[in-house]
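Hi there,

Here is the structure I promised to pass on. Have a look at it first, and then read on for what turned up.

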Amino acid sequence: MPQLAIHEVAYLESTQAFAIKVMDHIQNGTQLPRKELSNQLGANYLVGMQELIDGFDNNEEALVNAQKLVEVCQFDLPLHQKLLPHYPVPTQQTADAYLQELCWQKLQERISDVTEEYRQRLTRELGIIHSMGFDDYFLIVWDVMDYVHRSKIVSGAGRGSAAGSLVAYVLSITDVDPIKYNLLFERFLNPERNSMPDIDLDIPDNRRNQVLHYVHEKYGHFHVSQIATFGTMAAKMVLRDVGRVFGLSQSEANRWSKAIPNQLKITLREAYDKSEPLKRLVAHDERSNLLFQTALALEGLPRHVSTHAGGVVISDVNLIEVVPLQNGSEDILLTQFTMSDVEAIGLLKMDFLGLRNLSIIDNAQQNIRRVYHEEIDLKNIPLDDPEVLALFQRGETSGVFQFESAGIRKVLRNLHPDSFEDIVAVNALYRPGPMQIIDQFIARKSGKEQVSYPDSSVQEILAPTYGFIVYQEQIMQVAAQMAGFSLGEADILRRAVSKKKKELLDEERRHFVGGAIGRGHSQKSAEEVYDYIERFANYGFNRSHSVAYSFVGYQMAYMKVHYPGAFYTALMQSVRNDPKKLREYIAEADRAGVKLLAPDINRSSYSFTLVKKDLIRFGLDAIKGMRRDFVSDILTTRKEEGPFKSLDQFLLRIESRWLKNEYIAPLIFIGAFDELHPNRRELADGLEGKIQNVQYSGGSMSLLDVMSLKERPSEDFSLAERLNYEEQYLGLYVSGHPTENYPKLLKQKDLQPITELSVGSHGKILFYLKDVREIRTKKGEQMAFLTGNDQSGEISLTVFPQTYRRLRNELELEKVYLVQGKVERSKYDQAIQLLVEEMISAQIAEDDISDKKLFLRVQADKDSPEIQQGIAERLQLSPGKVPVVIYYEKNHRKIVLDRKFWVGVNDTLINALSDILGEQNVVIR
């Protein structure tokens, strides 16, 4: 064997040896012995050439052979190849001809009135697609979506800029007509900027694997792969990992973790500069300093490999030849390159994204077919439905895709969208950057601020958004209209202004101003419009994406309005493992007239089930700790042998492996056996004995009857105990909620569900008190934090010393209170909290409200500020406990007046109001 001068390399610097050793222990889940906790230098570092030569100074042959080895080691990684796969065209046609044929054939199916505009647009798009070599790409995407539609899988309306393509629309890849909604193809595929097209496909998250396996079967095992993504060791994680290897206790590890500021993507170096506690920990002793230095060395390194949420690679060539692979899940290969590297070598990457909201739509449609006996085509619903628009105007969009957060719901209430176009604008505006112009946008829409335009030539483009540039496409349209840019050039301008690079901006400014002057505009006007474009560059959002996703949100809102039972059933099933969200949706469903039935051992299915149009049954899988196979066994046994007639019979019929208290007791505590035996305490107390008897009986019902002891009557759980068990095992209450017992308070307009509270506002809630935690301030004064809930959710109340002194002796656990205060976000955990200003017993507040109401009708001819002022003055002269309701005939608006306008009813008041409004318009009942 010839000798070879070689040196094993495991790290770059000798000082990194200890960090590598720690990394090995992290991987193996082991600890370093305390005696080895020192930063020893290693020998396997990358030595310099001279050092290597000196190490082999007496062996010329070994050095010569090393040089020969170097000379024959050569590898070039080819980049930016075009490894686009070819679609297997079923005829003898070319991909180009087949795509053309498909598009012209389907144009008639998708567009009811095919005008010349559609023909020209389709011709232009097909020409660009062919010239850029993407015919096969579009056919591959069409084929996948064709399988989705044939398999009755719900699909999204489109994602990103692909919704701007008419080809994508006629092939049913997207569901938004780009001409109708004024979307631009060049925003998606620009012939003047040669880049790969990128069509992302939205699929229900519970059917994504089905689509993935179709592609895998069609193109072959070694031609389809999912893409790897690497989880890296971030600041807190790397400290915990290294801490475990160093043998830190849990409390020590927590101290290190808490010393890192709660800042997204913060590095250890940044944390050290900002955090005094971290500096003290690092300086504590030599071991602590070594721990921190080791964590610094390992920070950012890959910790584990996982699968990218959507990325899929499809290739003509065997992927083994172009990319490193490993086995992935579901028998589909996984690239060892990340997404960016996969694209860099020229492979086609597609995104199949599993969307929870599409699963909700799918489940809701199944409920509609089963219970309503209707089939709805969500792609052709009216986008001007008054009831749906009213839902958006009220901001009642919880559970609606893209419009669920408290912030965007507040914007909807303030903006009061009158059309689908307004909904699209809200979706685009409610994002970092454009949020800054929301108030101005609303003021212009409502006529409180004059709409202005940077130049009259762009008025038509900016009129739908009241003079603001809200969409990126508007930048492109302005450039085309005013400066004569092609849409491809306009897209390059859009990208340039968003990147903020001075040399690019200066070049595009010259191009824009020159083009505008050439079209008859003054330099001053051209400069002003370009400045306007630059100013709003950060605000502009992709209109194609906003339209497509708003359409999905509108579809969900449509079902929420017209098929609430079906919608809420699907919604609850989607959040069954999130008690906070589940409680919120159940409370809202209740307000919408859709009731929830408790779990029932003989009636509940696996999931939430729509029983009638306004009645939902709790599913057994939503019970905390319930095993899926146990639920499956219950349902199978019930289906094969009929309903259970008693707890004893239930225990006898299920498999013996389930005869354990931990499996059965939760079913009792949440009331699943209430129909068979309403006393939950008796069943729970006798459960252990019943399980033993079933085991001894050997499966004989007659023997079990003989062995059964006579049950001693006992008082059932109190309501508070039942609620506590239900909260423990369901995360919410199904026996009713204590706040439901105050009907007069619940009718007050200013009373809010906890989940409707918004930061910065004043809130008024009914609050079921669960816990009181007292603390002392630095001045030694007592204050408290109160924890509790209403039907919709949990909240913490902060009661400062002055208020707490007044309330302390009146607070009682498991009682309901009417609370008012300021809504803030906690600095500790960012949760919503209420700073208490007023808090009284709900029962006292309920008793304080009269059973009667004073109704006033203001006829159209008397609807004036003077009349309203006269009414207010008369009401304030007779303060009392009777609520006042005013109906304005002119706009059919009914309002309940604030409590300060409630009255004590007397003849003087009634006569005075009758003089103002007419006797027939003043009624007490």
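Among contacts in the protein chain between residues at least 6 apart in sequence, what share join residues at least 24 apart? The figure is 68%. Please keep in mind that this is a predicted model.

**The chain as a whole**

The protein chain has 925 residues, and 50% of them are buried. It holds 39 helices and 19 strands. Along its principal axes, the C-alpha trace spans about 115 × 90 × 70 Å.

The crossing of α9 past α10 is right-handed.

Which residues meet there? From α9 come Lys236, Leu239 and Arg240, while α10 brings Gln250, Ala253, Asn254, Trp256 and Ser257. By type, the residues of this contact between α9 and α10 divide into three nonpolar, three polar and two charged.

Leaving aside residues up to four places away in sequence, leucine 239 touches Trp256, Ile260, Leu268, Leu291, Phe292 and Ala295.

**Salt bridges**

How many salt bridges are there? The count comes to 51. Three of them are described here.

One joins the side chains of arginine 159 and aspartate 202, at 2.9 Å from N to O. Arginine 159 sits in the loop between α6 (135–150) and α7 (166–170), and aspartate 202 in strand β1 (residues 200–204), so this pair ties together parts that are 43 residues apart in sequence. Aspartate 202 is buried, at 4% relative accessibility.

Another is formed by lysine 379 and aspartate 175, whose side chains meet at 3.5 Å, N to O. Here the loop between α15 (356–372) and α16 (386–394) carries lysine 379, and the loop between α7 and β1 carries aspartate 175, so the pair ties together parts that are 204 residues apart in sequence. Are the two partners buried or exposed? Lysine 379 counts as partly exposed, at 34% relative accessibility, whereas aspartate 175 is buried at 11%.

A further salt bridge pairs aspartate 621 with arginine 576, with the closest N and O atoms 2.8 Å apart. This pair links distant parts of the chain, 45 residues apart: aspartate 621 is in the loop between β9 (615–617) and α28 (628–641), and arginine 576 is in the loop between α26 (564–574) and α27 (579–591). Aspartate 621 is buried, with a relative accessible area of 11%, while arginine 576 is partly exposed at 25%.

There is also a network: salt bridges that share partners join Glu404, Arg409, Lys581, Glu584 and Glu756.

Happy browsing, and do write back with any questions.

Best wishes

Key:
Residues are numbered from 1 along each chain as its sequence is written. This is a predicted model: local features need pLDDT of at least 70, side-chain atom pairs count only at pLDDT 80 or more; totals for chains, interfaces and linings use all residues. Side-chain values use heavy atoms; hydrogens and water are left out. A crossing is left-handed if the near helix is turned anticlockwise from the far one by less than a right angle, and right-handed if clockwise. Helices (H or I, at least four residues) and strands (E, at least two) are DSSP runs, numbered from the N terminus. Contact means heavy atoms within 4.5 Å. Ala, Val, Leu, Ile, Met, Phe, Trp, Tyr, Cys and Pro count as nonpolar, Asp, Glu, Lys and Arg as charged, and the others, Gly among them, as polar. A salt bridge is a side-chain nitrogen of Lys or Arg within 4 Å of a carboxyl oxygen of Asp or Glu. Buried means under 20% relative accessible area, exposed over 50%, partly exposed in between (1.4 Å probe, protein chains only).
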